[in-house]
Amino acid sequence: MTKYSEFEFRTQPWFDPAWFDRTAFQGFNQFIPMKTIVIHCFDPRASEIPQAVADYFGDEVYPGENILDEAGNRIGNTRTLFAVSNAGGRAFSALQSVATMDYLFKVKNVVVVHHSFCGATAFTPETLVGEFHDHHHADISTMFDHDSLAISHFEESIKHDVKLLRASPAVPKEVKLYGFFYEMNSGELTEVVRDIPA
Ligand SMILES: [Zn+2]
């Protein structure tokens, strides 16, 4: 046996091998009722964002708690809202998480939150790419969506990210999208844009 393979998800007694057939897989919502993904910056000063979004919607469970079986194994959790954090809280970097969570749980809402005094407002895409090239002799200019590398205007960055999500094949068409601005000193969360499919 390969080292650590005993810890793979499929070794758990309640795992059904039929789930590897994607036509038979019904999702893991019976174990964790995930419905909402919140994309936010990993700046530790803004770490309350997922809780603020959960409070705003009012029908989310966050942080929730583990559900244990008789042996004490963690077989689920009550959380409904999952957080994805990255530099700036950009949608571009979160697309793989959205697609994967839709396979495992079915995503209902995706929320993008940009926050006040974010470090991503302290440079431009050009300075980031130029600095990287000068110091590391590597060209990263074509690796990312140019307008996702830095934030020059908050309302535009939030609208850009909601548009990017709506245009991406990684985001199911029926998913509801929201864009918020978070003022981290006051804790105030302001809805800037929403895109609800008809
Ligand atoms: Zn930030």
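Predicted model: local features only at pLDDT ≥ 70, side-chain atom pairs only at ≥ 80, totals over all residues.
Visitor: How many helices and strands does the protein chain have, and in which order do they run?

Guide: One begins by counting the elements and then follows them along the chain. The protein chain has 4 helices and 7 strands. Read from the N terminus, the order is β-α-β-β-β-α-β-α-α-β-β.

Visitor: What are the overall dimensions, and what share of the residues is buried?

Guide: Along the principal axes, the C-alpha atoms of the protein chain fill a box of roughly 55 × 45 × 35 Å. Of the 198 residues, 40% are buried. The accessible surface comes to about 11,600 Å², and carbon and sulfur atoms account for 55% of that surface.

Visitor: Are H115 and C118 buried or exposed?

Guide: Both H115 and C118 are buried. By contrast, F117 is exposed, with a relative accessible area of 57%. F117 lies in the loop between β5 and α3 (125-136), and its phi is positive, near 55°, although F117 is not a glycine.

Visitor: Where else does a residue other than glycine have a positive phi?

Guide: H137 is such a case, with a phi of about 55°. This residue belongs to the loop between α3 and α4. H137 counts as exposed because its relative accessible area is 66%, and the cut-off for that term is over 50%.

Visitor: Which residues of helix α1 are buried, and what do they pack against?

Guide: A helix can be read by its buried side. In α1 (residues 49-57), the buried residues are I49, P50, A52, V53 and A54. They pack against β1 (36-41), β4, β5 (109-115), β6 (176-183) and β7 (188-195). After α1 comes G58, which has a positive phi near 85°.

Visitor: Where is there a cis peptide bond?

Guide: One looks at omega, which is about 0° for the bond joining Y62 and P63; this peptide bond is cis. P63 is placed in the loop between α1 and β2 (66-68).

Visitor: Why does T80 count as buried?

Guide: The relative accessibility of T80 is 7%, and buried means under 20%, so T80 counts as buried. T80 lies in the loop between β3 (74-77) and β4 (81-86). Leaving out residues up to four places away in sequence, T80 touches P33, M34, K35, T36, E60 and V61.

Visitor: What does the side chain of R166 reach?

Guide: R166 sits in helix α4 (residues 154-167). Its side chain reaches the backbone oxygen of K173 at 3.3 Å. Not counting residues up to four places away in sequence, R166 also touches residues including P172, V175, L177, D195 and P197.

Visitor: How far apart are the mean positions of the positive and negative charges?

Guide: The protein chain has 16 positive and 27 negative charges, and their mean positions are 6 Å apart.

Definitions and conventions
Residues numbered from 1 in each chain as written. Heavy atoms only, no water. Buried < 20%, exposed > 50% of the residue type's maximum accessible area, 1.4 Å probe, protein only. Helix = DSSP H or I, 4+ residues; strand = E, 2+ residues; numbered from the N terminus. Areas by Shrake-Rupley, 256 points an atom, 1.4 Å probe, with all protein chains shown as cover. Lys, Arg positive; Asp, Glu negative; His and termini not counted. Charge placed at Lys NZ, Arg CZ, Asp CG, Glu CD. Polar contact = N/O pair within 3.5 Å; in protein donor to acceptor, adjacent residues only side chain to side chain. Contact = heavy atoms within 4.5 Å.
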